[in-house]
Amino acid sequence: MDLRFTSEDIAFRNEARSFFESNLPPHIRRKQILGQRLPKEDVVAWQRILNKKGWACPMWPTEYGGTGWDAVRYYIFKEESCRAYAPDPLSHNIQQTGPVICAYGTDEQKAFFLPKLRNLDIWFCQGFSEPGSGSDLASLKTRAVRDGDDYIVNGQKLWTTNGHRADWMYCLVRTDTGVKKQAGISYLLIDMKTPGVQVRPVVTLDGDHHTNETFFDNVRVPARNLIGEENKGWGYAKFLLGNERAGIAKVGLSKARISLIKALAQRMQVEGAPLSENRRFREKLALIETELQALEMTNMVVVAGMKKSGGNRQDPRTSVLKIKGSELQQATTELMLEVGGPHSMAHQHEFLEALTDNAIGPDWAGTAAPNYFFGRAVSIFGGSNEIQHNIVAKAVLGL
Amino acid sequence: MDFDLSEEQRMLKESVDRLLEDRYSFEQRKTYTKAPDGWSRELWQQYADLGLLSVPFDSKYGGFGGGPVETMILMEAFGAALVLEPYFATVTLFGGCVRIAGTEAQKDALLPKIGEGKLLGAFAHSERNSRYDLADVQTTAKKDGSDWVLDGEKTVVIHGDCADKLIVSGRISGGQRDKDGIGLFLVDAKAPGVTRKGYPTQDSLRAADITLKGVKVAAGDMLGESGKAFPIIERVAQSAIQALSAEAVGGMQEMLDITVEYLKTRHQFGVPIGSFQALQHRAVDMLVATEQARSMAMFAAMMVDEKDDAERAKAINAVKVHIGKSGRYVGQQSIQLHGGIGMTLEYKVGHYFIRSTMIEILFGDTDHHLAALARAGGLIAPGTTA
Amino acid sequence: MDLRFTPEEIAFRNEARTFFEATLPPDIRRKQMLGQRLTRDDMVTWQRILNKKGWACPMWPKEYGGTGWDAVKYFIFKEEGYRAWAPDVLGHNIQNVGPVICAFGSDEQKAFFLPKLRNLDLWFCQGFSEPGSGSDLASLKTRAVREGDHYIVNGQKLWTSGGHHADWMYALVRTDTGVKKQAGISYLLFDMKTPGVQVRPVVTLDGHPYTNETFLDNVKVPVKNLVGEENKGWNYAKFLLGNERAGIARVGLTKARVRLAKALAERVYVDGAPMSENRQFREKLAAIEVELKALEITNMMVVAGMKKGGAKHDPRTSVLKIKGSEVQQASLECQMELAGPDAMARQVGFMEAKVADAIGREGMANSAPNYYFSRVLSIYGGSNEIQRNIIAKAVLGL
């Protein structure tokens, strides 16, 4: 057992650190620090910088643009990215549908989509959840019926995050109603400009338009956009959901927030002294840091295990990463709002959207409340923490 | 000991409940937020007609003569309906200052007008650097002959944008955080030198940052004694916390009810999700927190007029601690148990969560009040050892 | 709405306060404050003092020795008892088997048992739980077969608290195996000296043999010791004087513990200053006091409702059990934290008051075992998980 990084890992960490520091555009970094929303062009610009460096999709197979890193390297890369306030790459492209196409796509699909996914020439959104199918995803009802060389799709998807920005959707549809619910699902790629696709915005608690409902009214999808085999879509979706594990806890993001909170607390006066001198505040931070340290160790144990097994073995501790990781991300957004206090009461949508530089009150406090509200989603999406508890109870504890 | 409402109190509760049931559906509320003021002037007049705007005022000034229990009844109902109108700003804060510290002439001039719905007020006290310290006042009040001149900036003045009159705190003497040397002044919101920048707050209410530049105030428009306003401000803050505690309970009960209803109707895996024990127990913990918070709202009503300053202050600290913690718990869990739908502004429950978050911040957060309570020795006196 | 006690209630509170202060024997009070275990004699002595005053069994019907108090008065009585560090009375006698005999016993049973229960001439223990029947109590297997004028009882009971002190047991036994599990249970009383009854001590985490297992091997119990009707025992077991719930949260006891912790904190030094001046300790205690205050008001609302007779299904009653146990546990946890290294020596002799001197500060010598033992508060009498099930079903309709 050796709890330290190897010297190669450390060299890589330094390389990544200087890359992020010198390549992340300052205006993007500023928005990230202020907790503002990034416009589409920022996300695209950053993805293209990564792509130019060859780091657009590290975990893809090397023949499709992956870096060939092991899990430890990838972990270091993610942590350094968070540390520098770099945005997450669009996970729908890079962590979700990209790997599925790599693994199950046709040569034609690979050739067409993969370069565009990497370079964010095509923006994908996800069409999984439906109004009646959340935690029980396999009960989905959106129907695709084969009609010659096409599928005709009818139904409704919910939580189509970034659907309004997207060019394409990867979508789970029901192609067989006569079998066990998991066995009748197919994985389709749908061009969002196809007639019959309609996207309606859904505004979340932060007052922002991230997500949507998407309606399908006799949408014609060429059968060549089916991934893999018909009725095997559930397997691909499970592959996708199990894919992104090493970075799920976002330890680096929580660390960056804590650094930020500490810096802000020095400037904030409470009853005649800086908040950073306030004992209760310091103790509260110290408790979060302790939890975060434990999580970081757990994370390293998991990624080291992934490195050894080549990522083939599903470590149930990844659920711990999700549960604790989301709790700590939420704890930091909560604390940020506590620091902001009255300064964070004003509702300032334009500042959140980075449409103005002028905040009501100090700029650092301007997004604390909406980010706290939006942070509540972290324990809901991608398998709610209750579902994660169920998984641990069953898979780890044998209950 | 009797926790039942009197006949008059029951009638008050019924009338406000009925009005809000008719006029404050979630959809109706949405239309009020789109009005120029961000709330309904028409409903405001109805509150006045029902006598709600004069509830805490003495009958001498056309009031209902109600006490903290009546305030609790109203605020709980307002909390359940997520009322947008400036009741808290005008009646609790502005009216509270006048009620506590006004001269007969001031009360005669102001309280009946509030009751009739003809005067909106706001309490312009908090400043950029004051956070939760009620004595932290940098706005200056300088004597100019027999008049006063105010200079400074007030921030996050609740409903300061629509107020006709403001009560402004200003420092007459002493350092930035001294309790001595603060004065309260009645200022016309349109007086020369007053500029207001209004904005919505997170919870769809309104607030304003207000700049005062050489604002002249006549001697007769000072509230209370010169330089002795701090105890008045403290009393008003305590009344405010009492009112907020009831509002918070109204919201928590709604969050609990909406969540339980959702658990019963939302089906996944072929069953209502309320059949899962993990979710049932979470809902029960929300109920326990709500009931405990309700008890603390009662305690607030019991103690807000307590004569002993120290006991009253500690009791109100304790109330705010509990309301803050339980509101946060119930709010977060109501979102979690709803899943995605709880995250959208299209659904009601999130609005309660947001409001309860703002209530925790208003007049001092949980940490602030817990520290104050601990400094003051807690609620229970030390005993002896064996 | 009036949140204050009436003058009559205040007068009663003063009467109770004076009574407890004047009559609680100082050695018992001292043991209580030190968190020591009381002996059987201590319990008997105190119960007889209460009985002499007519306060032995306040909530029983008046004709059997009850006081006729409403729930508010009973609440005041309990709170004042805790304030004075008076011990809880033996619940098995006063809150469990006593009320059942009052309600369902024969005249003969009433005449024989009730005066003895009140005066603690007879000490009862409970025979409900079994190794396989905890939360699912109705699944109990101890069998009673009728033979002439007797039942022959065979089986095993667990958690027979005070079984080693007890003269009698009230037990649930299976008298019919062919019906729904709740419908085949009977409620029997038997003498612990009957041949075939064997008690084996079970030492709890605090190091004290507080509880037992009891083995029943062909125990002959006269049929006249059956309470009520055969196979109706489940109903009797569920029968609890609703008003007893008035005292279930033990607000007064936690208050007394907080007062004590504050007094002890003046003597413990941390970084050169008394713990009572330590900001974090004060905030921790203050947080407990806030919860406790909320609980107290909740309790008062419940008892005010009971007094009016309309609160049979007041959901807040379950809140009292859940929050009451949590707050008691928190206060004992806090006391152990205060003790720090003083909590480390294991001194069962001092805890049982068999040794005069404690290792370290005597006021904190028992804080660790009392913390361990307090974990039972959220387990027994229907665990907090079972309480949540009850609320989810009965109140929330889930």
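Domain bounds in this tour come from an automatic or database domain assignment. The structure is a predicted model, in which local features need pLDDT of at least 70 and side-chain atom pairs count only at pLDDT 80 or more, while totals for chains, interfaces and linings use all residues. Residues are numbered from 1 along each chain as its sequence is written, chains are lettered from A in the order in which they are written, and side-chain values use heavy atoms, with hydrogens and water left out.

**Stop 1: the domains of chain A**

Select chain A and colour residues 7–89 as domain 1, 124–241 as domain 2 and 251–396 as domain 3. Taken over C-alpha atoms, the centres of domain 1 and domain 2 of chain A are 29 Å apart. Four residues of domain 1 and five residues of domain 2 of chain A form the contact (heavy atoms within 4.5 Å).

**Stop 2: between domain 1 and domain 2 of chain A**

These two domains of chain A bury about 360 Å² between them, with 36% of it on carbon and sulfur atoms; buried area is the accessible area (1.4 Å probe) that two parts lose on being put together, summed over both. Next, select A:Arg37, A:Leu38 and A:Lys40, which supply 94% of the area that domain 1 buries against domain 2, more than any other three residues.

Two salt bridges are counted between domain 1 and domain 2 of chain A (a side-chain nitrogen of Lys or Arg within 4 Å of a carboxyl oxygen of Asp or Glu). Display A:Arg37 together with A:Asp206: their side chains meet in a salt bridge at 2.9 Å, N to O.

**Stop 3: the interface of chain C and chain B**

Now show chains B and C. The contact takes 50 residues from chain B and 52 from chain C. The area buried between the two chains is about 4600 Å², and carbon and sulfur atoms give 69% of this area. Select C:Met1, C:Leu3 and C:Leu398: together they supply 18% of what chain C buries against chain B, more than any other three residues.

Two salt bridges are counted between chain C and chain B. To view a salt bridge in detail, select C:Lys308 and B:Asp4, whose closest N and O atoms lie 2.7 Å apart.

**Stop 4: helices of chain C**

Helices here are DSSP runs (H or I, at least four residues), numbered from the N terminus. On the side of chain C that touches chain B, at least two residues each come from helices including helix 2 (26–34), helix 8 (251–265) and helix 9 (279–308). Finish on helix 9 of chain C, which gives the most to that side, with 18 residues.
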